[in-house]
Amino acid sequence: MSDLEKLVRRRMQEEYAKGASAEEIAKVVRDLFNSVDLSGPSPDAVAVRATPNYE
């Protein structure tokens, strides 16, 4: 499993644990993907830095 997949799973689990609705979780994941630059040499390394703060 790539770092990006792990990051997405972790964020989804965090939001689910907070009691977020499916729509809220989808928004978090969508925002996460929108903040990731996949054009670089190592997209997974970029994804780890792209985690938005929703607290």
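Helices here are DSSP runs of H or I with at least four residues, numbered from the N terminus. The model is predicted: local features need pLDDT of at least 70, side-chain atom pairs count only at pLDDT 80 or more, and totals for chains, interfaces and linings use all residues. Residues are numbered from 1 along each chain as its sequence is written, and side-chain values use heavy atoms, leaving out hydrogens and water.

Within α1, the buried residues (under 20% relative accessible area, with a 1.4 Å probe and protein chains only) are Leu4, Leu7, Val8, Arg11 and Glu15. They lie on the same side of α1, because they cover an arc of only 95 degrees around the axis, taken from the directions from the helix axis to the C-beta atoms. On the other side of α1, Gln13, Tyr16 and Ala17 are exposed, that is, over 50%. Gly19 follows α1 and has a positive phi, near 85 degrees.

In α2, Ile25, Val28, Val29 and Leu32 are buried. These residues fall within an arc of 95 degrees, so they line one face of the helix. Their cover includes α1, whereas Glu23 and Asn34 are exposed on the other side of α2.

The largest nonpolar core comprises eight residues: Leu4, Leu7, Val8, Ala20, Ile25, Val29, Leu32 and Val36. Such a core is a set of buried Ala, Val, Leu, Ile, Met, Phe, Trp, Tyr and Cys residues joined through side-chain atoms within 4.5 Å.

Note on methods
Helix = DSSP H or I, 4+ residues; strand = E, 2+ residues; numbered from the N terminus. Contact = heavy atoms within 4.5 Å.
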